Amino acid sequence: MFIHQLLTGREISLQSDMTKALKASGFLGLATMMVVGLYQFILLSGGTGVPSWMIGGHAHLGVISILAIVMGFAVPAIGVTGQLRTAVTVLFIAGQWGIPGVVWIGEGAGLTFLMPTAFLWGLALIASMLIMLYKTLTQDPTAAGGGASPASLADD
């Protein structure tokens, strides 16, 4: 449903879809990173070294995936809504997968012409962080979402 809404250009009506997308992408990224980690262990236990591009992609996906989960909680806590919420989510998820993906595909598969797109994915992450910074600095401290939530982390 979320991808269909993005592709058709319809505004996503449920704000929780955005935070769910960030959290789900984070957990999927961590699971992917763990599979890659196990593969690296298999390579090492077989006496083969792990290529540096695989290590770099693994590390970046792990860290950025943890941040995606954190963002899933931070976006509603800060009170990011509407088009800014959509922009933060789409830009962050694109950067989360684009950075390690371009390293794995560019270096690992020999498609080095894709490597310059790392700047695009990096800029997507930076833009999402700057939107969060803007909302943090300009939010009304008395408005809903302007502080700690009484809801537990399990409530979404």
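Among contacts in the chain between residues at least 6 apart in sequence, 70% join residues at least 24 apart, where contact means heavy atoms within 4.5 Å. The chain is a predicted model, in which local features need pLDDT of at least 70, side-chain atom pairs count only at pLDDT 80 or more, and totals for chains, interfaces and linings use all residues. Residues are numbered from 1 along each chain as its sequence is written, and side-chain values use heavy atoms, with hydrogens and water left out.

**Overall composition**

- The chain holds five helices and zero strands, these elements being DSSP runs numbered from the N terminus (helices H or I, at least four residues; strands E, at least two).
- Along the sequence, the pattern reads α-α-α-α-α.
- Of the 156 residues in the chain, 34% are buried; buried means under 20% relative accessible area, exposed over 50%, and partly exposed in between (1.4 Å probe, protein chains only).
- The chain has an accessible surface of about 9,000 Å², and carbon and sulfur atoms account for 74% of that surface; such areas come from the Shrake-Rupley method with a 1.4 Å probe, and for residues only the protein chains shown count as cover.

**Packing of H4 against H5**

- Helix H4 (residues 82-108) and helix H5 (residues 118-138) have axes that come within 7 Å and cross at roughly 145°; axes are lines fitted to C-alpha atoms, for helices over the stretch in contact, with angles running from 0 to 180 degrees between N-to-C directions.
- On the H4 side, the residues making this contact include Leu84, Leu91, Phe92, Gln96, Ile99 and Val102, while those on the H5 side include Trp121, Leu125, Met129, Met132, Tyr134 and Lys135.
- By residue class, the contact of H4 with H5 divides into 17 nonpolar, five polar and one charged; Ala, Val, Leu, Ile, Met, Phe, Trp, Tyr, Cys and Pro count as nonpolar, Asp, Glu, Lys and Arg as charged, and the others, Gly among them, as polar.

**Glutamine 96 in H4**

- Glutamine 96 lies in helix H4 and counts as buried because its relative accessibility is 0%.
- The side chain of glutamine 96 makes polar contacts with the side chain of serine 25 at 2.4 Å and with the side chain of serine 65 at 2.9 Å.
- A polar contact is a pair of N or O atoms within 3.5 Å; within protein, one must be able to donate a hydrogen and the other to accept it, and residues adjacent in sequence count only if both atoms are side-chain atoms.
- Leaving aside residues up to four places away in sequence, glutamine 96 touches Ser25, Gly26, Gly29, Leu61, Ile64, Ser65, Ala68 and Leu125.

**Residues of helix H3**

- Histidine 58 belongs to helix H3 and is buried because its relative accessible area is 19%.
- Residues up to four places away in sequence not being counted, histidine 58 touches Met33, Val36, Gly37, Gln40 and Trp104.
- Histidine 58 and glycine 101 lie 43 residues apart in sequence, with 9.7 Å between their C-alpha atoms.
- Proline 76 is placed in helix H3 and counts as partly exposed because its relative accessibility is 32%.
- Between proline 76 and methionine 18 there are 9.4 Å, C-alpha to C-alpha, and the two are 58 residues apart along the chain.
- Isoleucine 78 is found in helix H3 (residues 52-78) and counts as buried because its relative accessibility is 17%.
- Isoleucine 78 is 57 residues from lysine 135 in sequence and 6.9 Å from lysine 135 in space, C-alpha to C-alpha.
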